[in-house]
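Biologist: Please show me the model, and then we can go through it in questions and answers.

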Amino acid sequence: MGLLAKLIIAILVICFLILVAFFGRLPALRNTPIAWLHRLIWVKIPGAVLAIDNRLTGGRLTSSVGRFFTFMLHDKHPTILVFFLLLLTVGEVLYLPGAWPRLSTLNQVLGAISIVLPYWFLYKAAYTDPGIITPANHARHMSHYPYDFTLYHPGAVCRTCLLLKPARSKHCSVCKRCVGRMDHHCVFINNCVGYGNQHFFLLLLLTTAWLTTYGAALGWTLVRDSAVARTSNDAFRLWKPSRMPWEHYFLLLMVGIQDDVGVGSVTLLATMTNPMVWALLGYHVYLIWAGTTTNESMKWSDWKIEMDEGCAFKRALNPENPSQQQRSRDFTLEPAWTRWPVEPLQILVRTDDGHPPHRDSPYGYGEWERVWSLRDVENLYDIGFWDNLTDIMVKDYSFRAEGKGRPPRDDDDAGVFGDEEADVEGYGHRDSRGGGGSSSSGGNGNDKDLRRAHKERARRSKKPNMPTVAGIVNAAT
């Protein structure tokens, strides 16, 4: 087996192991061979090794290895970020000397832009505040999203940060801080992906996917030209001619790759890693379409298990008769105003014994209804693909008629989003201006919000919810 063949096999094995390691726990792959391999590599084999080590060394070897992997995967350090940078830089250093003189002016311009953009967005994603929640900005994060009473319930306090958890936030065990609209912690950027930097993370994926695609396409063109020049066989094409034997085709292909090993090897690397980058980008586009995050997708998976066991129940948050008094809201626990265009209509809870909660349980009106499918549960944070995308790409975008599209001004911060002691007053102040709560009064602006909300709810009822998100909340009895 030649050196090139060994290199190709090594690259394929590394790419596959990365796929299994990083994506094997995704809910969408739970019952697939990839999930089985993930359990084999990360659970079964380590368990067997631990049992052997306990007999031989009393567990000292596996303890040391475990501490190393815990540091690599669960501590904040730039090792993987540096590896990613080296992968980009070394690949370009090997590729460009042989490829650049052979490119047209147009390809040189496009190539330069394609090379620079991933570095820029990597820097922005890694060093931009992902949405760290502090006492100083807590009120602002509370106003971003309402609690949906499904995945997020008011009153939850972070035991580490000692702050009320805003809707869609999560405490990162790696960064040791709460992050607004937390998606996940990414080791490739050594940072969380959240409210403040998710748009840069998506652009990093997009530009990296484009770079690998563009580089591979140019590389294979250069490989073909090299093979034709070395063998004088004008019939050779990247797509195998129908009359050319496979042995002859691969021989010519190897000649083209070995003519410039730098261009050929990087072309192979870009070709084999390209599907992984596009798959990750596609997964995040799917999450945007579904109005959820990676963190929430796992919560929805937990709810799916509860539903399969018959332990999930829902009922309306407000009485069906509008003339009846609407639910009272504790503004010390939830915001009276958010920039989100819709308010929750239902509450979802679980019980340990599979029996419905007591009718007089806190929150909600009417009888409890057992839920068997995610399609029967509203995803409050899905307001349509383009609005979901706008929410990620445009920071502090207001979806309400009041201040449409305008980020809060600095004087808003001083009055409404001030220090922690002013939180409740700030929410009440917003509410008194006609923008708060689930009240249907307040002028044409709120009427437009309600019409839009009903339209979006009707549309979403036709789109199946993805199997992905929800913290399980014990029902109060």
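**A loop residue, a helix pair and the cores**

Modeller: Asn197 is in the loop that lies between strand 4 (191–193) and helix 7; helices (H or I, at least four residues) and strands (E, at least two) are DSSP runs numbered from the N terminus. This is a predicted model, in which local features need pLDDT of at least 70, side-chain atom pairs count only at pLDDT 80 or more, and totals for chains, interfaces and linings use all residues. Residues are numbered from 1 along each chain as its sequence is written, and side-chain values use heavy atoms, with hydrogens and water left out.

Biologist: Is Asn197 buried or exposed?

Modeller: Buried means under 20% relative accessible area, exposed over 50%, and partly exposed in between (1.4 Å probe, protein chains only). Asn197 has 0% relative accessibility, so the residue counts as buried.

Biologist: What separates the C-alpha atoms of Asn197 and Asp129?

Modeller: Contact means heavy atoms within 4.5 Å. Not counting residues up to four places away in sequence, Asn197 touches residues including Thr128, Asp129 and Pro130. Asp129 is 68 residues from Asn197 along the chain, and their C-alpha atoms are separated by 6.6 Å.

Biologist: At what angle do helix 7 and helix 8 pack, and how is that arrangement classed?

Modeller: Axes are lines fitted to C-alpha atoms, for helices over the stretch in contact, and angles run from 0 to 180 degrees between N-to-C directions. Helix 7 (residues 198–231) and helix 8 (residues 246–259) have axes 7 Å apart and pack at an angle of about 105°. Angles under 35 degrees count as roughly parallel, over 145 as roughly antiparallel, 65 to 115 as roughly perpendicular and the rest as oblique. Helix 7 is therefore, relative to helix 8, roughly perpendicular.

Biologist: Which residues have the most contacts inside the largest nonpolar core?

Modeller: A nonpolar core is a set of buried Ala, Val, Leu, Ile, Met, Phe, Trp, Tyr and Cys residues joined through side-chain atoms within 4.5 Å. The largest has 28 residues, and those with the most contacts inside it are Trp303, Met307, Trp340, Leu348 and Tyr381.
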